[in-house]
Each structure stands twice: as structure tokens, then as C-alpha cells.
Amino acid sequence: MKASSVEFMTLTERSQLSKPHLEATTLPPRSYWAPEFFEREVEHIFAREWIAVGRVDDVAEPGDYFTVTVGTEPVIVVRDGDGEVHAHINTCRHRGCELVRGSGRTTVFRCPYHGWMYALDGKLRGAPAFKDTENFGKGDYPLHSAQAEVWNGYVLVNLDADAHPYRDQVSDCTLWGLDAYGLNEQTAVTRVEFELQCNWKIFAENFIEEYHTPWVHGTTLQPVAPMANWKEFPDLSDQPWSFMVGQFPGISMSDSGEPRFPLRPELSDLAPEFSGMAIWLSHPSFGLVVNCDCSLYFFMLPDGPERMKLVVGLCVPDASAQAFHAGDPATVNAVEEYARNHRLVSEEDNAIVEAQARGLKAQAARPGRYCKYEGLAWKFDQWVARTAYGLEG
Ligand code: FES
Ligand SMILES: [Fe+2]
């Protein structure tokens, strides 16, 4: 479908979409597959917002690096010799070759094409045979960089050099007690990547609505985390994040529901309405599920309009992570149990988001409606439409 800027969203679609939660319609089905919507999301969201791309554990030592695509931009995340984390654009300043793929540990980035060499902080150190080139100074050709910030054990990247610090944009998380969970004192013990055949927004919406629990997770989540026990907090903050709590305190991801990792005493200070399993989506694409004794992270990275890469990991208290890596049998058993239980739920979600993506391709598909259990999905869709599609309100 080719739409001119006038037809991008019809006036009817705009006015239906801008209504309050229980009166509004959902985003147009073509926004989940049409390139012109994705181009706007790349320009107005992924080129300007903070995007979570990794854990500090992924760049634990000087020289550790990994590559990732932010929107459509190839990025290298690396820790330099001074311990600082950088984000460089993965394109050589000579004639543009990609510098590295995948992940690893290095002391320099040497371009595979003609051998230009860059320090970990991005400075150009070597340009073979350039002595005779007029008006050429290595200082003028460092790698292009993005902003990188470490927050609570996560690495976030922002392609916009003028963006305000991430920590300021999520400072209101103190309102629901994020600090009590001590994410800074947790380490990842699993990391899994999925290639999903769906638009990234489909996964994000699914992440923050409990309406699907009885249908998609009927034998897994619904018996322990039933739909009716979730409470959404759409008005807690004006900052761009969405938050809800499964109000069943003390339940975690083991077979019995009993936590198997140590609990922090600070958790007893949480207000009763915020006690339980917290689900937090930092717009656009960074999700956390925070349990009493562990947390799960989700990076929802678009790969074009109709595909995405999902990165998921389990984090446990540092001491438990050390015991896990040392092979302590009880800890290994607990990690495997949590990971197995999460995998069951994850497979259910991954299957349903791809099914929704297929259905949304129907010519007959039209915007739908939101129920009371989809308040945060509405809030997220409003944010996308305002940030990327020019919806006013
Ligand atoms: S493109 Fe990198 S050295 Fe030529
Ligand atoms: Fe789900």
C-alpha cells in the first residue's frame, strides 16, 4: 500500500485514535506492516529515544564489544580501557565498510577492507598509505558515535546527541519502588534471542496487557497470575513508561511459585498495591518483569516493519549468579527451573504475536477497540501515534 502524506492516516482514524481509552480505536492495521509507518518510527522514535541494547555483563571487561541494530542503524557497543562504555556507528570513515560483526573482545577495530584502525574510544589511529593525501588529518575521522548510558545494569543507546540522560526520563520509577528490587545487584544468568515475524509494536502491546492471559497462558500463567489480579497504573507518571503489577506478593517463577533466590529486606517497604510481580515497559522497546527474587529483561528490537529481534534474559542476585557460574547444584537447578517456566510462557507469547501479525495483513483488517484490561496498550499506542505519526493531543 502506498500512501501519500495526506493519506498517511485519515482524519477519521486520527479522531478515533485520540479518544480516551474506552472510547478509542486501536492503531491502523497497516501501521504494523507498512514501510511508511516504520520509516516514521525509525526517524521519530528509534533515532531519538533511548534504546536498551544489552547488559553491562555483555561488556564486562575492557575491549568487550557487541553489535546491534538500533532502528536501522548498525551500532557497536564497546567498553574501553578506562572502563567507559561507548556506542559507535559500525561504518568505517574511509569508504564505509562495516567494521565488525557479532561480539567479542579486541584492543582495536581494524577495518577489514583497507586496514584503517580505530581505538576503542573511536579515535582513528591508523590509515595506511594516506601520507600523500592532501589536507588529511586522522583527528578529523573518528568513528561516528551515539550516546551510551549504563542504568541499573543495562546499556542504553541514543542516536540523538542532544537527548537528555535516560536516568532523568525514568526517575519516577521511585514512585512504584524500583529501587527496592536492587537491579544493580543482579547479574544475568541466561540470554536468549528470538527472530519473530511481527512488528515490534505487537510485542510491546502484548507485553503490557493482561487481557490475553486466560487465552494464551491458560495453563501456565492464569492459574498463578490470573488476569483479574493485575492492576494497571496508567496515570502514575507523565514519563514515557507503562507499569502494572500482578498483585500476588511473594510469588516467583519456580514450579511451586515459592522464591528460590534470596529476598531483599527492602521489599517489605513496598506499598501493598505495588507488591507483587511488576511489569514495566520503558517506551519504546525495553521491558522488565521484576519479581521478588529475580528479574527478566526484554529488548524488542525492530528488524524492518514486519520482523523483530527479541532478546530475553533472566537476572538473579549477584551472589546467586556467582554460585550458578561456579556450578553450585542447587543454584543451577533453580536457574534451570525458572528458565524452563519462563520458556513455556515465552513460547506462548511468541506464537500469538506472530499470529496477530498474520491476521493484520488481511485487506479486511480494520482498527479494533480496547477493553478495561488494555489500558496500558492504549497508553503505549497513544505515545507511538503522538511521537511518530503526528497525532495531536
Ligand atoms: S572502507 Fe575501511 S579502510 Fe577502506
Ligand atoms: Fe503473555
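His212 is buried, with a relative accessibility of 11%, and in this predicted model the residue gives its NE2 atom to the iron ion (ligand 2). His217, another donor to that ion through NE2, is buried as well, at 1% relative accessibility.

**The iron site**

- The iron ion (ligand 2) is held by His212 (NE2), His217 (NE2) and two OD contacts from Asp349, at 2.0 to 2.6 Å.
- Along the sequence, the donor residues follow the spacing H-x4-H-x131-D.
- What is the arrangement of the four donor atoms around the iron ion (ligand 2)? The arrangement is irregular, because the angles they subtend run from 55 to 153°, while four donors count as tetrahedral if all angles lie between 85 and 135 degrees.
- For orientation, the ideal angle for four tetrahedral donors at a metal is 109.5 degrees.

**Helix packing**

- Asp349, the iron donor, also belongs to the contact between helices H4 and H7, as one of the H7 residues that meet H4.
- The axes of H4 (residues 200-207) and H7 (residues 329-359) come within 10 Å and cross at roughly 130°, so the two helices are oblique to each other. Their crossing is right-handed.
- On the H4 side, the contact is made by Ile202, Phe203, Glu205 and Asn206. Facing them in H7 are Asp349, Asn350, Ile352, Val353, Gln356 and Ala357.
- H7 also packs against helix H6 (residues 318-325), at an angle of about 105° and with the axes 8 Å apart. That angle makes H6 roughly perpendicular to H7.
- Here Ser320, Ala323 and Phe324 of H6 meet Thr331, Val332 and Val335 of H7.
- Helix H2 (residues 35-46) has these buried residues: Glu36, Phe37, Phe38, Glu41, Val42, Ile45 and Phe46. Their cover includes H4 and helix H8 (375-388), along with strands E1 (51-55), E2 (64-70) and E16 (295-302).
- A handy reminder when reading such lists: an α-helix has 3.6 residues a turn, so residues three or four places apart point the same way.

**Two buried loop residues**

- Cys92 sits in the loop between strands E4 (85-89) and E5 (103-105), and at 5% relative accessibility it counts as buried.
- Which residues does Cys92 touch, not counting residues up to four places away in sequence? They are Cys97, Leu99, Cys111, Trp116 and Tyr118.
- Between Cys92 and Trp200 there are 29 Å from C-alpha to C-alpha, with the two residues 108 apart in sequence.
- Gln239 lies in the loop between strands E12 (230-232) and E13 (241-246), and it is buried at a relative accessible area of 14%.
- Leaving out residues up to four places away in sequence, Gln239 touches Asp168, Gln169, Val170, Ser171, Asp172 and Lys379.
- The C-alpha atoms of Gln239 and Gly83 are separated by 30 Å, and the residues are 156 apart along the chain.

**Backbone details to check**

- His283 and Pro284 are joined by a cis peptide bond, with omega about 10°. Pro284 is in the loop between strands E14 (277-282) and E15 (286-290).
- Asn135, a residue other than glycine, has a positive phi near 50°. The loop holding Asn135 runs between strands E8 (124-126) and E9 (145-151).
- Asn152 is not a glycine either, and its phi is positive at about 50°. Asn152 is in the loop between E9 and strand E10 (154-158).
- Are these two asparagines buried or exposed? Asn135 is exposed, with a relative accessible area of 78%, whereas Asn152 counts as buried at 16% relative accessibility.

Key. Residues numbered from 1 in each chain as written. Chains lettered and ligands numbered in written order. Predicted model: local features only at pLDDT ≥ 70, side-chain atom pairs only at ≥ 80, totals over all residues. Heavy atoms only, no water. Donors = N, O, S within 2.8 Å, 3.2 Å for Na, K, Ca; no water. Tetrahedral: all angles 85-135°; square planar, octahedral: opposite > 155°, others 65-115°. Buried < 20%, exposed > 50% of the residue type's maximum accessible area, 1.4 Å probe, protein only. Axes fitted to C-alpha atoms, helices over the stretch in contact; angles between N-to-C directions. Helix = DSSP H or I, 4+ residues; strand = E, 2+ residues; numbered from the N terminus. Parallel < 35°, antiparallel > 145°, perpendicular 65-115°, else oblique. Left-handed = near helix turned anticlockwise from the far one by under 90°. Contact = heavy atoms within 4.5 Å.
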